Structures are given as structure tokens and as C-alpha cells.
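Reader: Hi! I'm new to reading protein structures, could you walk me through this one?
Author: Happy to! Let's bring it up first.
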Amino acid sequence: MATVTKTWKLFIGGAFPRTESGRTIKAVAGGTVHHLCKASRKDLRDAVEAARAAQTKWASSTAYLRGQILYRLAEMLEARRSEFVEAIRATSRVTPRKAKAEVEASIEHVVSFAGWTDKIAIVLGSQNPVAGPFYTFTGIEATGVVGVLAPDESPLLGALALACPALAAGNAVVLAASERHPIPALVLSEALATSDVPGGVCNILTGEHAELVPAMATHRDIDAIVAAARGKHAAALKAGAAENMKRVTIVDPASDFTEPRWRSPVAFRGVTEAKTIWMPSMA
Amino acid sequence: MQPAQSIDWSYAPAPETFPVEIQQEHGLFIGGKFVDPRSRKHFDTIDPATEKKLSRVAEAGKADVEVAVKAAQKAFKGWSRMRPAERAGYLFRIARRIQERARELAVLESMDNGKPIKETRDVDVPLVAQHFFHHAGWCDKLAHAVPGVEPRPIGVCAQVIPWNFPLLMAAWKIAPALACGNTVVLKPAETTPLTALRLAEILQEVDLPPGVVNIVTGAGETGRMLVEHPNVQKVAFTGSTDVGKRIARACAGTDKRLTLELGGKSPNIIFADAPMDQAIEGIVNGIWFNQGQVCCAGSRLLVEESVVDEVIGRLTHRMRSLRVGNPLDKNTDVGAINSRQQLERVNSFIECGVQEGADRIVCFDGALPDTGYWVAPTLFRGVQPAHTIAREEIFGPVLTVLTFRTPDEAIARANDTNYGLSAGVWTSRASKAYEVAAGVKAGVVWLNTFNQFDATSPFGGFKESGFGREGGRAGLAAYLA
């Protein structure tokens, strides 16, 4: 019997649609030819719509629940450990050891952020001792819908390093997978689909970054962008983002995402908002 | 309730007579000295209440901005490496000097800006002193300020500030920048440069090392040259959303750190169970404080439908007792609009509101002064959410009234804007107050109060109201690398 090979599709709103454009990208992985979806602007719009629809509920679910759901995602990654290793090896030709290490670090990363959800406000929030008869405190909220541009180096860990802070804080994410090595992110979409992460909270697109960058930058319903980008792409993201004052975080695509700073509270900076609430302390 | 039209609300004049000397001409403050501009250009700054010239101020050109940035670069090494407790010493002394010269600064601010002395004396200047005092104390505690951040200064900060709170915005920008070890080139607004230049005198008095703070006066072009200067590492801007977007685009191809505090169209939400006396005062404070020229002004009044007549009845009654006029009169509630340009902008919005079919209500029955720029407190009823006056920031004493029926509808209406700076919520039920506070997308939410500010309390917006916070430790993060 002939082997059944997988058809890779986009991941939008918890479902696996083909690109509406019908366009594909030829990719060879592990000796097999794949025709991946080349997402269009319209696919991006659909993903943003799904993200927006899911975000409020995700943000208003308790931090404890979001933590458990992210931990469940780590369990799903663990269950697909060998598939991830294969996907990373097949496309990026790294040594088995390196691929294993990346998957290991990726799982650990998700677990770390499962533990962050109920600590963000503790660490970054404050009670403000104002000089007047008021009780004032600053809470930390999700920014909203976050566009993520994953790096080519460490295609799985890089994607998770940029997406996890946003997800943990209660944002919904539209992730553009690594352009050169998209398949690990597609395996991630299957892990997401079988985890308890609600549909639409994390959407994954494959395609050309040159096409997705300007669309992401200028989309008025994206609130923030976290992008592994350089030079032209970085400038285009920042310039386009000015249209609706998106918060833009640019990271070096060649970063070592195993460094502790990727799990530090600094990671929440571009994807959270400080909200300060005042009330009179005397009637 | 009986309208109290028969009462004569006029007070005898109570002018603030504290004498303030103003030099006829001001140079630029660069490298610790006042210098003549290389541009050889000057412009006048006037008192918007009298239209009389107060002084001639230098207009910084390209060469001037160049020299100012160089001075800040030169000062950076010494300032950033100074022992933190010593750096703190300068900031504490600045705070004390401001307190000593508080009345002088308040009077000067009222003259240059047009806002009532009551506000400059009781709000602006005390907050300025507090901002320096609070940040002085941070200098040697930065390691504890921002979790995950090893505190390092960023470098030279270009700071461009607006005319609505001239000295307060200077303090909000300069104090955290200096506390974190950065140096500054500040550009005050062209219509209100005088208090920043007076602050420069204070900086000289406390022997702040030359170049740590430089002040270049001028208009938009000076600001543009400053923020686009390649040797600036950090840009902080407070002002309109349009200019903020231009600055964001101009900085797009660079690694400059950017914080923007922009416009607003903030909702002030009144539930039927609100403590009504306080709510009416909160509405008045929300929109007529500083003539409504406040980025976080409560300019969209959202009233629960069942009490809209009561609220408008009480509000119009209260509007009759607002005293509009001489900013230097201690009884004045509403002063002058800051400039002719702003006056025309506010009036064109009022015109637009009338044309779009909203009902304009003006309760001021006194006479506005013959000279100067004035708008009587104005409110619009019968406003639709799609009306221009319900969507665009007017930045004047103009309130638009909309209604809602349920908390969910209140939240939806509150969020029906591109802005997200502040919101007010008035209700006696704590659970409802917190539910609505959680639902509104705004950086500052005032429950049963409005327009409160404090150095310890972060201020700044969601969405197109900009990004970054000022005040508290969230504010410090913006000035650490």
C-alpha cells in the first residue's frame, strides 16, 4: 500500500482551510514533495477576524485556566515530540541532536509560559501610593490581536518564543510561520488543534513574508506585532504599524531563544497594556 | 428641581497679583547657558486672554538642534556614570526649587497658556514638583524598578511636548529621563515656551551639569528636526495622533526607542445609580478642566437612558455657575483657549455639530471678554455615535452626550473609538464599576472620580492614544535600555 502523505493547510479559527487563493509553495521535506499553502492577504484577514472573535473570551478567562490550557498544549507537543524532530530535521537539515534540543527547549518554553499566566499582573502590576484620598492600582491586560512573524532559525522554538508571551497574557495570535522552514509550525497547528486552546486564539499561516509583512503591518484590526525581522521588513512593519499605532517589537531572527531573557517579564512588554484604575478611598 | 436663574453668580474680581517679570527676549537653553539662536530667528509668544505679546522667543533651526543634541551627547557620559545618589540630589533640589518658586511658575503658566490660576496653582505646579521629587528617589533604586531589566540609560532623549500642560509635560518628560541617567533635548510647544525656559533657570540655579537638559524653542519644524536627528536614541512625544503617526513613520527605519502619548475621545459613563452630586462635578471637571484642552478629557458623556434628563438638567444648572474669563482671577473656572488656531478649530467643530443636527446647549449668559480667545462651555444633546463631534477629538470645552441602556452597551459604546486613553465610570455598585472598568479599553479608568494624576500612577493609552506610560514604574521602563 502506498504511504499516506499529509496535506498541509493553514490553521484559522481552529479549522484547517486551504488558502483561498489556491496558490501553493513547493517544499521538499524528508524526500517527499509538499505543496504548502501560500497564504494571501485575504487569508490573513480571515485569521485576524478569527483572532478578534476569540480574543475577548480568552483574555477574560482566568489566568489559572489559561495556564492549564497552555500546559495542555505542552502535553500535546510532548506527544508529538518525534514528529517535531522529524519536521525540523527534514526541512532545516540540522543534526538530530540539535533538532531534539530545539523540541526539548520548545516544550519547556510552553511549560514556562503556562506558569507565567497568573504571575504577570503580580510581577508587572502595582498599587500606586498617590498623594490623595484615592485607592489606585495598575493592572496588566492583553493588548489584543498580535501578529507574529517567526524566524527561520529555530523555526519551532522561535515561533513559540514570540507567540507564548502574547498567548499567556491573553492575546490572540496570528502567526506567520518561518518562510524557509514552515513545516514545524504546521505540526504545531495540529498540536494546537488537539489541545484545549480555543479555536481562533492561535492561528497559523504559511507564505511569503514579503507578502505578509505589508498586509500585517497595515491591517487596522491587529493591535501589536512581534516580529523576527531585519532591515527592510523591520522598517516596513514599523512604518505600516503607525497607521493604527500598533505596538511593534522587532527581534533579531538569529537570536538564541534558549536564553533566559525570552522567558523574562520583558517578553510581555509589547503585548500587554498597563491599565490604571482610580477610586476614591473616602466617600 | 427649580432652575436658579435668578441668582447672580458674579463675584467681585479677585486678581492674582503676584508679580512675575518676563524678559523681553529668550534665547535657547543649550549646554547650561542661554544662547542666541544661530538661525537668528525669533517668534512672539502671547497671552491668549489678552492677545498681548509676552516675550520674543528664539526659533531653533537646524544648526541649533545640532548644537543642542551635541551638548546632550557630551553630557551623557558624566551624567549616566554619576553616582546615583548624587544624580538624585540634583532632582530633589529641582523639586524643592519648584516648590519655592511655585506661585511665580503658576502665574507665568496662566499668562502664557490661558488656563485659570486656580488650576496652575493647585494642580499643574504641585504635580510638577511631585514628579521631580518622586523620580529623584528612583535614581538609586532602578535595579528594583522594572522586572527583568538591568537598568542602563538609553542615551539622548528628544522630547516634544504640547501646550495644554506646558510645565507639567516638561516634568513628565525630563524627570524620568534624568532619573534613569539619560540626557535631554526638550522642545516646548511654540505657544507656551515660557515656563520651560523658567525651569531652565532653575536647572542653572541647582547647578545641573551643562548639557544634561537642553531646551530648544520653536514650532513643528524644530520638533521634526529634533526627533529625526540621527544621534537621538529615544523619542518621547505628547500631542496629536496625526503628528504621533508622522513621528512613528519617521522613526520606522531606525532603532530609536519611541513612546507616544496622543489624543483621546474619552467616555465618561454615568449609570442611573451613580452618586449624582459627585457625578455632575465629575462631568464638569472631566470636560471643562483646562477648557477641555486635555488629551484624556471626558468628552463623550455616556448616560444611562433613564436618567439622561435628570443629568442634563443638573448639568445645565451647574454650567450656569461656571465663571469664564480672566485666567488670573482666582475665581475663574474656565480660562482662555490657548491660541487663535485652536479657537478656530473648536468653533469649526461646534459648527459641524450644529450642521449634523445635534442640539447645542450653551448656558453661559455672561459676556465673554472682548479680546482673547474664548469658548463658553458647550454641550451637545441628540448626538449620534457617527457624528463628527462624537468621534473626533475636539480639544475644547465641548461635551457630547450619548445614551445607553445596559452595562454591555455602555462598554461597547465606550470602546467605539480609535482612541483609548481614559474613561470615567460613575455608579454606587462596586461590582458594576469593576466590570465596566475591565471592559473599557483605556489606560486610565477613574471610578467615581475623573482627571486625577499622580507621579506614582502610570498614565498613557491603548490603541491610537499611543503607547508607553508616564509615571510609576511603568513610566520608568520607557527610559531604560
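Reader: Let me pick one residue to begin with. Is B:Ser321 buried or exposed, and why?
Author: This is a predicted model, and in it B:Ser321 is exposed, because 12 other C-beta atoms lie within 10 Å and a residue with 12 or fewer counts as exposed.
Reader: What separates the C-alpha atoms of B:Ser321 and B:Asp255?
Author: There are 52 Å between those C-alpha atoms, and the two residues are 66 residues apart along the chain.
Reader: Let's switch to something buried. Which residues of helix H7 of chain B are buried?
Author: Helix H7 (residues 220-227) of chain B has these buried residues: B:Thr222, B:Gly223, B:Met225, B:Leu226 and B:Val227.
Reader: And what do they pack against?
Author: The buried residues of H7(B) pack against helix H1 (62-81), strand S6 (156-160), strand S7 (183-187), strand S9 (234-238) and H8 of chain B.
Reader: Zooming out a bit, how is chain B divided into domains?
Author: Chain B has domain 1 (25-262 + 464-477) and domain 2 (267-454). Taken over C-alpha atoms, the centres of these two domains of chain B are separated by 29 Å.
Reader: How many residues are in contact between the two?
Author: In chain B, 22 residues of domain 1 are in contact with 27 residues of domain 2. On the domain 1 side, helix H3 (102-113) and helix H4 (117-138) of chain B each supply at least two residues. The largest share, four residues, comes from H4(B).
Reader: What classes of residue are on that domain 1 side?
Author: The side of domain 1 of chain B that touches domain 2 has seven nonpolar, eight polar and seven charged residues.
Reader: New topic: how many residues of chain B are in contact with chain A?
Author: 31 residues of chain B are in contact with 29 residues of chain A. Helix H8 (241-250), strand S17 (444-447), strand S18 (466-467) and helix H15 (472-477) of chain B each give at least two residues to that side of chain B. S17(B) provides the largest share, four residues. By class, the side of chain B that touches chain A has 13 nonpolar, eleven polar and seven charged residues.
Reader: In what sense do S17(B) and strand S10 of chain A pair?
Author: Strand S10 (residues 272-280) of chain A pairs with S17(B) in the parallel sense, over three bridges. To see one bridge, look for A:Ile277, whose bridge partner in S17(B) is B:Val445.

Conventions
Residues numbered from 1 in each chain as written. Chains lettered and ligands numbered in written order. Predicted model: local features only at pLDDT ≥ 70, side-chain atom pairs only at ≥ 80, totals over all residues. Contact = placed C-beta atoms within 7 Å. Nonpolar A, V, L, I, M, F, W, Y, C, P; charged D, E, K, R; others polar. Pairing = 2+ DSSP bridges. Domains from an automatic or database assignment. Buried ≥ 20, exposed ≤ 12 C-beta atoms within 10 Å, placed from the backbone.
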